[in-house]
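Good morning. Please look at the structure first.

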Amino acid sequence: MNNPKICLCLTGATLAENLEMLNKYRKWIDMAELRVDYLSADESLHIRRFPEMAGIPMILTIRRVSDGGVFRGGEASRTTLFARGLAFAEQDVRKNFAFIDLEEDFIVPSLQDAALAFGTRIIRSYHCMDNTVIDIPIKMVSMRKTGYEIPKIACMPHHLSEVTRLFKESAVIDYDHILCAMGVLGLSTRILARKLGSFLTYCSPPNTESLSDKLGHIDPIMLNEMYNFRTIDDKTELFGVTGYPLTTSSSPRLHNDGYHKHGLNAVYIPIKAETIEETIDFAMQVGIKGISITVPHKETVVDKLQVVSEQIAEIRACNTILRTEQGWSGFNTDALGFKQSLLEFLNRENLSHKKVAIIGAGGVAKAVANAVHELHGNACIFNRTITTARNLAEIYGFKYAALGLATYNLLENYSWLIIQTTSVGMGWTKESKTEISDPLYFYNFHGQEQVYDIIYYPEKTPMMLRAEKAGCRTCNGYDMLKYQAYEQFELFTGVKYE
Ligand code: ATR
């Protein structure tokens, strides 16, 4: 099987701008698509020159609004523009457009005949901008009117299960085709285009916001350097991180850097999923061996495991699953990562006789409580929902309390070390308008508290900033993330990260 080609979408307003973009990314791409719908009216008169200027195979595309493009003229003017792009074909086919993208309902025999005569392959495309396509192989056959057309289906999934179906259905297609799922949910179809047998994968320069957000395009450097696109083959081991909404994750960078460093044929991808069941079905279909689990699946995943280690049975939260001969096996590297980074921060070997406040009682708090217990700390768990705090506290014989002004004195009493484990403050920026970005908004720091926030984005949460202002030492969750990832990396690959 040939590896899919990398095709850069050019959406500049001028040919010069597009050429500049193409030259910038030339080394990372195989071909490019000239999106004439983005060109200014004047510039679109000169598209015929572009393939020669580009010097790589070019697709000619003029996308209508209904198919996700920005062309607002009628079909007659689109036909004229297409004809302009094909006209005066050269003997040297490298000077002609190599491909022309014609939507499945845009049947213009004169354009098709011209394309055929000039050696320009037709990409026959179908865009389903607000849904997925059921029975892709049947749809593809109906679109492939002549043998030389490359059918293309791009659809918009709403759930990961729809992406899983894409991978499943693509297995029977044995001719040139292009298949992708748009949006963030479809990211895997861009990176693992080879698994879909897709002829190409589309990408866009970084910061092309409309294309990266709406269509889920990755930039060509990231595709090559982070996701190893060109070296993905049948032997590549696949891993990933799952969560919802999974907006910020440093895990793909950490793990993929590790594969590069150790020369491993592996790739690690983001897998956004509302439910853990969807993630597991996806992993089984695509052949993913190991998955990092993040918010909100750390607890629900435990019931899906076939092998439950003593550690998972105790913590009841899991951040790492691995496919073994006995089925999915679970681990918790959060506890270890947290312990290592906390001891570094405190410059201590244990928490003996120290009073510790744990804020929150969710999945991360479970790993934190386990670690604090192992380090012989004396903790009190403060949570918005008191029953959850109690359930966790009782496992380790810790105290528990409601989070709020009513328990101020108790918090003060346990404030030698304050460990913040909720997601409040995550993703906060100076411009954000969220009302609650500091879970301890009611608490006045004295300055001698040591404050550990498991959030690492932003680097300093509003709570940390407030604590620092009062004179406290603070630490964010980046080192925890790093150490838990190193441990996970070793579980996944059998190789030490550092
Ligand atoms: P994780 O797996 O990352 O710990 P989680 O299981 O969703 O995520 O846990 C979220 C924790 O943050 C919980 O302790 C939650 O409190 P509740 O048990 O009362 O839901 C806490 N949390 C979430 N939003 C909060 C808020 N606005 N104020 C205070 N605590 C909050």
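Of the 498 residues of the chain, 55% count as buried; buried means under 20% relative accessible area, exposed over 50%, and partly exposed in between, with a 1.4 Å probe and protein chains only. This is a predicted model, where local features need pLDDT of at least 70 and side-chain atom pairs count only at pLDDT 80 or more, while totals for chains, interfaces and linings use all residues. Residues are numbered from 1 along each chain as its sequence is written, and side-chain values use heavy atoms, with hydrogens and water left out.

The chain has 18 helices and 20 strands. Both are DSSP runs numbered from the N terminus: helices are H or I with at least four residues, strands are E with at least two. The C-alpha atoms fill a box of roughly 85 × 50 × 35 Å along the principal axes. Among contacts with a separation of 6 or more, 68% come from residues 24 or more positions apart; a contact means heavy atoms within 4.5 Å.

Now the rings. How many aromatic pairs does a search of the whole structure find? There are 17 aromatic pairs. Rings of Phe, Tyr and Trp (its six-membered ring) pair if their centres lie within 6.5 Å; planes under 30 degrees apart count as stacked, over 60 as edge-to-face, and the rest as tilted.

One of the pairs is Phe338 with Tyr452, edge-to-face, at 5.2 Å centre to centre and 80° between the planes. Phe338 lies in helix α13 (residues 333-346) and Tyr452 in strand β19 (residues 450-453), so this pair ties together parts that are 114 residues apart in sequence. Phe338 is buried, at 0% relative accessible area, and Tyr452 is buried with a value of 0%.

Another pair, Tyr486 and Tyr497, is stacked: 4.2 Å between centres, 20° between planes. Tyr486 sits in helix α18 (residues 478-493) and Tyr497 in the segment after α18, 11 residues apart. Tyr486 is buried at 14% relative accessible area, and Tyr497 is buried at 9%.

These two tyrosines belong to a cluster linked by ring pairs, together with Phe239, Tyr259, Tyr483, Phe489 and Phe492.

Which residue lies over the face of Tyr483? That is Lys482, at 5.2 Å from the ring centre. Elsewhere, the charged end of Lys139 sits over the ring of Tyr126, 4.1 Å from its centre. A charge sits over a ring if NZ of Lys or CZ of Arg is within 6 Å of the ring centre and within 35 degrees of the ring normal.
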